[in-house]
Amino acid sequence: MSRIPAGQRHEQELKALELSNAGHSIEVIAERLDISPRTAARRVQAALQRIPAQEADTLRRQSEARFNGWMRRATALLDSPELSIPDTVRVLGLLLSLERERVQLYGLRLPSAVVVQHELMGPEGPGPITGSSGVLTGPSGVLR
């Protein structure tokens, strides 16, 4: 592992925080700064720790409000009766991704797998679950 000079690390922290405040995901921040997602998350956290506590709390609240808005919109999509199972899986993957981003903001961790169950709607209403339970895993939110 190569160490970067403190000045360059500080620059990365400021840029990471700037990108985070603009609404970019940890993955986008990592790509733009040419660092790993884990390093990007550490840079954002380090930058937040350098600013006064009150300002950091304000930034966290703003980010959380933004995540909550996206999550409300994605959750509303799940209520659509026209949503296909593949689209449902994509929305669930988006929700999981948003939750990962939000908990990273607080330095927490999510479970590595989430069980998903989906009831199929027939002409007579909800039916039994028919082979539609699965596990969303990994960054792509794959249903297995």
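This is a predicted model: local features need pLDDT of at least 70, side-chain atom pairs count only at pLDDT 80 or more; totals for chains, interfaces and linings use all residues.

Trainee: Which hand does the crossing of helix 4 and helix 5 have?

Mentor: Left-handed.

Trainee: And which residues meet there?

Mentor: On the helix 4 side they include Phe67, Trp70, Met71, Ala74 and Leu78. Among their partners in helix 5 are Val91, Leu92, Leu95, Leu98 and Leu105. By class, the contact of helix 4 with helix 5 has 12 nonpolar, four polar and five charged residues.

Trainee: Let me back up. What's the overall layout, from the N terminus on?

Mentor: The protein has five helices and five strands, and the order is α-α-α-α-α-β-β-β-β-β. Of its 144 residues, 31% count as buried.

Trainee: How much of the contact set is between residues 24 or more positions apart?

Mentor: Those pairs make up 46% of the contacts with a separation of 6 or more.

Trainee: OK, cores. Which residues have the most contacts inside the largest nonpolar core?

Mentor: Leu17, Ile26, Ile29, Leu33, Ala40, Val44 and Leu48, in a core of 17 residues. Helix 1, helix 2, helix 3 (37–50) and helix 4 (53–78) each give two or more residues to this core. The largest share, five residues, comes from helix 3. There's another core apart from it, of six residues, among them Met71, Ala74, Val91 and Leu95.

Trainee: What does Leu17 touch, leaving aside neighbours within four places in sequence?

Mentor: Val44, Ala47, Leu48 and Leu59.

Trainee: And Ile26, is that buried or exposed?

Mentor: Ile26 has 8% relative accessibility, so it counts as buried. This residue is found in helix 2. Beyond four places in sequence, Ile26 is in contact with Pro37, Ala40, Ala41, Val44, Glu101 and Gln104.

Trainee: Switching to helix 1. At what angle do helix 1 and helix 3 pack?

Mentor: About 95 degrees, and their axes are 8 Å apart. That makes helix 1 roughly perpendicular to helix 3. The contact takes in Glu13, Ala16 and Leu17, among others in helix 1, and residues including Val44, Ala47 and Leu48 in helix 3. Seven of the residues in the contact of helix 1 with helix 3 are nonpolar, three are polar and four are charged.

Trainee: You mentioned Glu13. Buried or exposed?

Mentor: Buried: Glu13 has a relative accessible area of 3%. Apart from residues up to four places away in sequence, Glu13 touches Arg43, Ala46, Ala47 and Arg50. From Glu13 to Val44 the C-alpha to C-alpha distance is 5.8 Å, and the two are 31 residues apart in sequence.

Trainee: What about helix 1 with helix 2, at what angle do the axes cross?

Mentor: Helix 1 (residues 6–21) and helix 2 (residues 26–33) cross at roughly 140 degrees, with axes that come within 10 Å. That makes helix 1 oblique to helix 2. The crossing of helix 1 and helix 2 is right-handed.

Trainee: Which residues of helix 1 and helix 2 meet?

Mentor: Gln12, Lys15, Ala16, Leu19 and Ser20 from helix 1 meet Ile29, Arg32 and Leu33 from helix 2. They divide into four nonpolar, two polar and two charged residues.

Trainee: Where does Asp34 lie?

Mentor: In the loop between helix 2 and helix 3. Its relative accessibility is 71%, so Asp34 counts as exposed.

Note on methods. Residues are numbered from 1 along each chain as its sequence is written. Side-chain values use heavy atoms; hydrogens and water are left out. Axes are lines fitted to C-alpha atoms, for helices over the stretch in contact, and angles run from 0 to 180 degrees between N-to-C directions. Helices (H or I, at least four residues) and strands (E, at least two) are DSSP runs, numbered from the N terminus. Angles under 35 degrees count as roughly parallel, over 145 as roughly antiparallel, 65 to 115 as roughly perpendicular and the rest as oblique. A crossing is left-handed if the near helix is turned anticlockwise from the far one by less than a right angle, and right-handed if clockwise. Contact means heavy atoms within 4.5 Å. Ala, Val, Leu, Ile, Met, Phe, Trp, Tyr, Cys and Pro count as nonpolar, Asp, Glu, Lys and Arg as charged, and the others, Gly among them, as polar. A nonpolar core is a set of buried Ala, Val, Leu, Ile, Met, Phe, Trp, Tyr and Cys residues joined through side-chain atoms within 4.5 Å. Buried means under 20% relative accessible area, exposed over 50%, partly exposed in between (1.4 Å probe, protein chains only).
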